[in-house]
Amino acid sequence: MEHAWLDVPFSEKDEAKAHGARWDPGAKRWYAPRPDMPGLRRWTTLPDVPNLLPGEDRSFGSGLFVDLVPQSCWFTNVRSCVSARDWERLRRVITGCAGQRCEVCGRGEERDVRRWLEAHERWEYDSVAGVQRLRRLMCLCTDCHAATHFGLAEVRGRREEALAHLRTVARMSRSEAEDHVRAAFAVWRERSVRPWTLDLGILTNVGVEVFRPAEAAERQRTAERALRDEQVPTAPARPPLTDFPVSPPAPFTAALPSEEVSGALLGEPLRTVFGRPAAGGGSQWITVPRRTWFCHQCDSDVRPPEIAVASVREEPAGRWEIVPRPCEWAHVVAEAGLPAAQHRAVLVAAATALSTPGTAASWDLNQGCFRVISGRLLDQPRERRRPLW
């Protein structure tokens, strides 16, 4: 007997289930056990949208690449401009046309590792007309989606996972992937300075009702709230054992003799470098390991006195434990894209803060000084990176 299918948005599945709806795991869709059940009428199925939307270009934006939505366009996506039921219809067609597989890496859903299939939008930006035009809807797995929205992955403390997936699927070296990310963020900054008009024309002729998006100011407030919610929570930090301002004894002469960076001007570049959340969330910490270690960023051996990324934790006895991570901190500084003089001055300032063995340092964004702690240094074993899968 053919099921009486329903259009049940994910956010309403528990309510539909309470009214008697059942889930078909093969079709990945809810249905009514009996036709015309009163409690389920609100989810009565609508006609399916066509597999190919009018004007959709299925070849547009193929492959895996960092695809950042301009800040001025946050929360003007398809999902925010259509009803929950229409989004469910679109999502069902997107995943069905892809054969329940990611259109980039070819993997399917796997609940045990929390990998799902998600809908992603490919946009075309007409800089002359100021129009953000929807060109394609596609199916991505959770990992490919995270790499695509790389900025959100960073906020969630999953930068390294996203970068590793990008390298594996796009067959990039570490340096190629980092260059690709930097170029994507440069485009993002350029596009974010202006407002864009949303064009969802490929949806309007298939029975999908499109709502007017919120005004730019409201979208910005919504984005700020969402970003705060996405930040990885961390435990309150213990007061540092040592606080001292960064003040080199004299203006520091950088690699270029004509450029100088004084201690008073170091605050902003240090804020830029340390302002990015650490891989596990919270503040960035750095230290100098005692032994040679292997950097997973550049796949090479690194020796003291080079600085490594670190994490710190408080032991029951009230002492600090410092754990170096397999990542040279110089990569983090390079990603900040500072001018040459500031770049070198930041490295020197950090080395000055870590001049005492067995210490870790972090830049206090509020106080404008390094926080330095002493503790037990636990060097990580020299292990190579394991394959992604």
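Mentor: Let's start with rings. Those of Phe, Tyr and Trp (its six-membered ring) pair if their centres lie within 6.5 Å; planes under 30 degrees apart count as stacked, over 60 as edge-to-face, and the rest as tilted. F274, W329, W363 and F370 form one aromatic cluster. Keep in mind that this is a predicted model, where local features need pLDDT of at least 70 and side-chain atom pairs count only at pLDDT 80 or more, while totals for chains, interfaces and linings use all residues. Residues are numbered from 1 along each chain as its sequence is written, and side-chain values use heavy atoms, leaving out hydrogens and water.

Trainee: How many aromatic pairs does the rule give, and why is the one between Y125 and W196 called edge-to-face?
Mentor: The count is seven aromatic pairs. For Y125 and W196 the centres are 5.2 Å apart, within 6.5 Å, and the planes are at 75 degrees, over 60, so the pair is edge-to-face. The two sit 71 residues apart, Y125 in strand β4 (residues 117-126) and W196 in the loop between α7 and β6 (197-199), which makes this a link between distant parts of the chain. Helices (H or I, at least four residues) and strands (E, at least two) are DSSP runs, numbered from the N terminus.

Trainee: What makes W363 and F370 a pair, and of which kind?
Mentor: Their ring centres are 5.2 Å apart and the planes stand at 85 degrees, so that one is edge-to-face too. Both W363 and F370 are buried, as are both Y125 and W196.

Trainee: How do you know that S362 is buried or exposed?
Mentor: Buried means under 20% relative accessible area, exposed over 50%, and partly exposed in between (1.4 Å probe, protein chains only). S362 comes out at 1%, so it counts as buried. It lies in strand β15 (residues 359-364).

Trainee: What does S362 touch?
Mentor: Contact means heavy atoms within 4.5 Å. Setting aside residues up to four places away in sequence, S362 touches F274, S283, Q284, W285, C369, F370 and R371.

Trainee: W285 again! Which residue of β13 does W285 stand opposite?
Mentor: A310. Two strands pair if DSSP finds at least two bridges between them. Strands β10 (residues 285-287) and β13 (residues 308-314) share three bridges, so they pass, and the pairing is antiparallel. β13 also pairs with β14 (residues 320-328), again antiparallel, over six bridges. There, V312 stands opposite I322.

Trainee: What makes β1 and β2 edge strands?
Mentor: They belong to an open sheet of three strands in the order β1-β3-β2, with antiparallel pairing. β1 (4-5) and β2 (22-24) each pair on one side only. Three bridges join β2 to β3 (residues 29-32), and D24 has R29 in β3 as its bridge partner.

Trainee: Last one: what makes you say that the charge of R135 sits over the ring of F60?
Mentor: The rule wants NZ of Lys or CZ of Arg within 6 Å of the ring centre and within 35 degrees of the ring normal. The charged end of R135 is 4.8 Å from the centre of the F60 ring, so the distance passes. R194 lies over the face of W196, at 4.8 Å from the ring centre.
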